[in-house]
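Colleague: Please take me through this model point by point, with the criteria behind each term stated as you come to them.

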Amino acid sequence: RIVYVNGDYLPEEEAKVSIFDRGFLFADGVYEVTSVLGGKLIDFDGHKTRLQRSLNELDMPVPEAMDDLLEIHRALVEKNEITDGLIYLQITRGAPADRDFAFPSADVKPTLVLFTQSKPGLAESPQAKTGIKVISIEDIRWGRRDIKTVQLLYPSMGKMMAKKAGAEDAWMVEDGLVTEGSSNNAYIVKGNKIITRHLGTEILHGITRAAVLRFAREAQMEVEERGFSIDEAKNADEAFITSASAFVMPVVNVDGVAIGDGTPGPIAARLREIYLDEMR
Ligand code: PDD
C-alpha cells in the first residue's frame, strides 16, 4: 500500500513519524474518514470543511498541503487502485524536540498522514440487510465531541463492550439521552418521524447526517432534532445509524430488545437507497 506522509508518497513500510509526535503522546490530533465508491470520493468538501473547523477549534496549525488535499486523496485512490474503500486522514500538532504539555512553537510543523483501506463492495454490505444490534453505555467522553479528535479510547472500549454482549456497536447515553454511537450518529423512527440528537458540542456533526437529513426533508419525511432515551428507542418503529463508512445502517435491537419487528425498517432502507443513489 502507498501512503502519504508530510508531502511524500511511500510504501507503508517506509513511512515514519517521530515518537515525540503529539498525536502519539497526547492524542493531540484530528482526523477524517472519507469513503470511496466506484473510485469516486463521497462528500469530500463536507469532510474538508469539518477538518478545517476541527483545526480552528484546537488552534492547530494548518498543513501547507491543505489546498492539495483533494489531489492527495485522488492520487492515493489511483496509486492503490481503490474502487470501494475509505481514506483516512490525520493531522497532529507535530513533533517537538521533547515531551511538553504546552503546545510547541510555530516552527514545529503539523504532521499530515493519509492512507487508504480497500473495501470491495462497501455499499453492498450484508449487514444492511440484517441490521445491527447495539447496547447502551454511559457517555463519559470529554465535552467537545464536535471536534473530530483522535481521542478514541472510550469509543474503542464501547465497541469491545458491545462485542462482548453479542452486539455490533454501543450507543452512548448522557443525562438519560442518547448522544451518538461509538463512531456514528444515532436515529430512531416513530411513525413517519425521524428523530436524531440536535447538533451541539455533545456530538460529532456527521457529514453523512447532514446529507441524510437533507434528503429526508426533500422526500417530505418529518425530521425532529432532539435527544431521545433508550426507552424511547426500544419503543420506536425503527432505528438506524449513519457514518461515512456505514452510510445508513439499520439498527434492529437495543439492549436485547427488538426494535419494531426486529428487522430493518422501510424508512432506513429508503434513506440508504436515496443516500447511495444521490452520492455516488
Ligand atoms: N466516524 N459520531 C462519531 C463519534 C464518529 O466518529 C463519526 C464518524 C460520526 C459520523 O460522522 P460522518 O458521517 O461524518 O462519518 C459520528 C468515522 C467514520 C470513524 O471514526 O471511522
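Colleague: Which of buried, partly exposed or exposed does Ala-27 count as?

Modeller: This is a predicted model, in which local features need pLDDT of at least 70 and side-chain atom pairs count only at pLDDT 80 or more, while totals for chains, interfaces and linings use all residues. Residues are numbered from 1 along each chain as its sequence is written. A residue is buried if 20 or more other C-beta atoms, placed from the backbone, lie within 10 Å of its own, exposed if 12 or fewer do, and partly exposed in between. Ala-27 has 13 C-beta neighbours inside 10 Å and therefore counts as partly exposed.

Colleague: What is phi of Ala-27, and where does Ala-27 lie?

Modeller: Ala-27 lies in the loop between α1 (22–26) and β3, where helices (H or I, at least four residues) and strands (E, at least two) are DSSP runs numbered from the N terminus. Most residues other than glycine have a negative phi. For Ala-27, which is not a glycine, phi is positive, near 55°.

Colleague: Which residue with a positive phi follows α6, and is that residue buried or exposed?

Modeller: The residue that follows α6 is Gln-220, which lies in the loop between α6 and β12 (222–225) and has a positive phi of about 65° although it is not a glycine. Because Gln-220 has 7 other C-beta atoms within 10 Å, the class of Gln-220 is exposed.

Colleague: How far apart are the end C-alpha atoms of α6?

Modeller: The expected span of a helix is 1.5 Å times one less than its number of residues. For the 12 residues of α6 this should come to 16 Å, which agrees with the separation of its end C-alpha atoms in the model, 17 Å.

Colleague: Which element supplies the largest share of the shell around the ligand?

Modeller: The shell holds 14 residues, of which Leu-204, Gly-206, Ile-207, Thr-208 and Ala-244 come nearest; a residue is near a molecule or strand if its C-beta atom, placed from the backbone, lies within 6 Å of it. Both α6 (207–218) and β13 (238–243) supply at least two residues of the shell. Among the buried residues of α6 are Ile-207 and Thr-208. The largest share, three residues, comes from α6.

Colleague: How many residues of the shell around the ligand are charged?

Modeller: Ala, Val, Leu, Ile, Met, Phe, Trp, Tyr, Cys and Pro count as nonpolar, Asp, Glu, Lys and Arg as charged, and the others, Gly among them, as polar. By these classes the shell has four nonpolar and eight polar residues, and the number of charged residues is two.

Colleague: Which element gives the largest share of the side of domain 1 that touches domain 2?

Modeller: The domain assignment, whose bounds come from an automatic or database source, gives domain 1 (2–120) and domain 2 (127–279), and the C-alpha centres of the two domains lie 26 Å apart. In all, 19 residues of domain 1 are in contact with 12 residues of domain 2, a contact being a pair of residues whose C-beta atoms, placed from the backbone, lie within 7 Å. On the side of domain 1, two or more residues each come from β3 (29–37), α2 (44–57) and β5 (85–92). The largest share, seven residues, comes from β3.

Colleague: How far is Asp-84 from Gln-117 in space?

Modeller: Asp-84 is placed in the loop between α3 (69–79) and β5 and is partly exposed, with 18 other C-beta atoms within 10 Å. Leaving aside residues up to four places away in sequence, Asp-84 touches several residues, including Val-36, Leu-37 and Lys-119. Although Asp-84 and Gln-117 are 33 residues apart in sequence, their C-alpha to C-alpha distance is 8.7 Å.

Colleague: What is the radius of gyration of the protein chain?

Modeller: The protein chain has eight helices and 15 strands. Taken over C-alpha atoms, the radius of gyration is set against the globule rule, 2.2 Å times the number of residues to the power 0.38. For 280 residues that rule gives 19 Å, and the chain comes close to it, so it is as compact as a globular protein of that length, with a radius of gyration of 19 Å.

Methods
Two residues are in contact if their C-beta atoms, placed from the backbone, lie within 7 Å.
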